[in-house]
Amino acid sequence: MTSDPLDPAIEAKVRASFARQSLMTTIGAEMGALTKGSAQISVDVGEEFKQQQGVAHGGLIFSIADSAAGYAALTLMPFENDVMTAEVKINYLSAGVGRLLAEGRVLKAGRRLVVVTGAVWAINDGLRKHVAVLQGTMVPVAG
């Protein structure tokens, strides 16, 4: 994550956008640190979000990774723009239990395409384990 502070108006816009995402609200996700080109989202792996083997469902992992990467892109957009996911690839590296932390960041921001990445970590009993990595493309849209 970079340490470049955001313009307060952009940060407020990003946090308000996150608050309007009904999926993020439903799963109990929380937005964490925001800087230029990066965003963090975390969520607890509750019983309702586990797959048959008792670990985080891939859909939960994907959802927070995609959103973190998208919000990282939004931090670099002009105030009047929004972003949408154009394509994403994810690799699941290991099972996740406890609390998930997705860290999204921009690899390259262009006028028409924004290439992003996301890393998802499981934090459990004081240990941090890498559970997924995502790469994708966001496109600016009118806000």
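Predicted model: local features only at pLDDT ≥ 70, side-chain atom pairs only at ≥ 80, totals over all residues.

Let me give the overall picture. The protein chain has 3 helices and 6 strands. From the N terminus on, the order is α-α-β-β-α-β-β-β-β. The radius of gyration is 14 Å, close to the 15 Å that the globule rule gives for 143 residues, so the chain is as compact as a globular protein of that length. Along its principal axes, the C-alpha trace spans about 45 × 25 × 25 Å.

How much of the chain is buried? Buried residues make up 45% of the 143 residues. The chain exposes about 7,400 Å², and carbon and sulfur atoms supply 55% of that area. As for contacts between residues at least 6 apart in sequence, 66% of them join residues at least 24 apart.

I return now to helix H1. Ser-17, at 11% relative accessibility, counts as buried because the cut-off is under 20%. Beyond the residues up to four places away in sequence, Ser-17 touches Tyr-71 and Leu-74.

Helix H1 also carries a charged pair. The side chains of Glu-11 and Arg-15 meet in a salt bridge, at 2.9 Å from N to O. Both residues lie in helix H1, 4 residues apart, which is about one turn of the helix. Glu-11 is partly exposed at 27% relative accessibility, and Arg-15 is partly exposed as well, with a relative accessible area of 31%.

That leads me to charge in general. The chain has 13 positive and 13 negative side chains, and the centres of the two sets lie 7 Å apart. How many salt bridges does the structure hold? There are 5 salt bridges.

One of them joins the side chains of Lys-50 and Glu-47, at 2.8 Å from N to O. Lys-50 is partly exposed, at 27% relative accessibility, whereas Glu-47 is exposed, with a relative accessible area of 64%.

Another salt bridge links the side chains of Glu-103 and Arg-128, at 3.4 Å from N to O. Glu-103 lies in strand S4, residues 99-109, and Arg-128 in strand S6, residues 127-142, so the pair ties together parts that are 25 residues apart in sequence. Is Glu-103 buried or exposed? At 18% relative accessibility, Glu-103 counts as buried.

Glu-30 has its place in strand S1, residues 30-35, and is partly exposed, with a relative accessible area of 46%. Leaving aside neighbours within four places in sequence, Glu-30 is in contact with Phe-18, Gln-40, Ile-41, Ser-42 and Arg-99. Glu-30 and Phe-18 are 12 residues apart along the chain, and their C-alpha atoms are separated by 8.8 Å.

Ile-123 is partly exposed, at 34% relative accessibility. Apart from neighbours within four places in sequence, Ile-123 is in contact with Val-97, Gly-98, Arg-99, Leu-101 and Arg-128. Ile-123 and Pro-78, by comparison, are 45 residues apart in sequence and 34 Å apart in space, C-alpha to C-alpha.

My last item concerns the backbone. Which residue other than glycine has a positive phi near 55 degrees? That residue is Asp-125. Most residues other than glycine have a negative phi. Asp-125 lies in the loop between strand S5, residues 114-124, and strand S6. With a relative accessible area of 73%, Asp-125 is exposed, because the cut-off for that class is over 50%.

That concludes my presentation, and I thank you for your attention.

Conventions
Residues numbered from 1 in each chain as written. Heavy atoms only, no water. Helix = DSSP H or I, 4+ residues; strand = E, 2+ residues; numbered from the N terminus. Rg over C-alpha atoms; globule rule 2.2 N^0.38 Å. Buried < 20%, exposed > 50% of the residue type's maximum accessible area, 1.4 Å probe, protein only. Contact = heavy atoms within 4.5 Å. Areas by Shrake-Rupley, 256 points an atom, 1.4 Å probe, with all protein chains shown as cover. Lys, Arg positive; Asp, Glu negative; His and termini not counted. Charge placed at Lys NZ, Arg CZ, Asp CG, Glu CD. Salt bridge = Lys/Arg side-chain N within 4 Å of Asp/Glu carboxyl O.
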